[in-house]
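Subject: Structure handover and notes

Hi,

Here is the structure I promised to pass on to you. My notes follow below it, and I hope they are handy when you open the file.

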Amino acid sequence: MLALRPNCERCDVDLAPDAAHARICSYECTFCQPCVDALENVCPNCGGGFVSRPIRPRHAWRPATGLVNDPPDTERRRMSYSDEDAAALTATLRSIAPDAR
């Protein structure tokens, strides 16, 4: 199941489970839209691109679903690389579409 991480890994802003500006890569690295824009859609941890993070329903519309049964993560994470390393990777990959990386 998708881990709903509680913060942007770059700027540490809170990202509630229903945050429309939360973005994830295929490894579930989680960033806010302003940071994804600054990173030019290059995940600094894996080099992949980002998509909107799905919003988990608040209510259990079906058995064993919804936030009540599957709450968001509480562990805050930080980017695995420095801003300088992230900028170097972004410079290398920003002109290559995510599906061609």
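A word on burial before anything else: a residue is buried when its relative accessible area is under 20%, exposed when it is over 50%, and partly exposed in between, using a 1.4 Å probe and protein chains only. This is a predicted model, in which local features need pLDDT of at least 70 and side-chain atom pairs count only at pLDDT 80 or more, while totals for chains, interfaces and linings use all residues. Residues are numbered from 1 along each chain as its sequence is written, and side-chain values use heavy atoms, with hydrogens and water left out.

Let me start with Gly47. At 6% relative accessibility, Gly47 counts as buried. Its place is in the loop between α1 (33–38) and β3; helices (H or I, at least four residues) and strands (E, at least two) are DSSP runs, numbered from the N terminus. Leaving aside residues up to four places away in sequence, Gly47 touches Val42, Leu89, Leu93 and Arg101, where contact means heavy atoms within 4.5 Å.

Ala86 brings us to α3. Ala86, Thr90 and Leu93 are buried there. These residues sit on the same side of α3 because they cover an arc of only 80° around the axis, the arc being that of the directions from the helix axis to the C-beta atoms. On the face turned away from this buried side, α3 carries the exposed residues Glu84 and Thr92.

Now the charges. Side chains of opposite charge can pair when their charged atoms come close. A salt bridge here is a side-chain nitrogen of Lys or Arg within 4 Å of a carboxyl oxygen of Asp or Glu, and a search of the whole structure finds 7 of them.

One of these joins Arg76 to Asp12, with the closest N and O atoms 3.2 Å apart. That pair links distant parts of the chain, 64 residues apart: Arg76 is in the loop between α2 (66–69) and α3 (83–93), and Asp12 is in the segment before β1 (22–24). Arg76 is partly exposed at 39% relative accessibility, and Asp12 is partly exposed at 33%.

Arg76 also forms a salt bridge with Asp14, at 2.9 Å between the closest N and O atoms. Here the partners are 62 residues apart, with Asp14 in the segment before β1. Asp14 is exposed, with a relative accessible area of 55%.

Another salt bridge pairs Asp18 with Arg58, their closest N and O atoms being 2.5 Å apart. Asp18 is in the segment before β1 and Arg58 in the loop between β3 (51–52) and α2, 40 residues apart. Asp18 is partly exposed at 35%, whereas Arg58 is exposed at 56%. Through shared partners, salt bridges join Asp12, Asp14 and Arg76 into one network.

Lastly, which residue is buried yet has no salt bridge? That is Asp70, whose nearest side chain of opposite charge, Arg56, is 5.4 Å away; Lys and Arg count as positive and Asp and Glu as negative, while His and the chain ends are not counted. Asp70 lies in the loop between α2 and α3.

Best wishes
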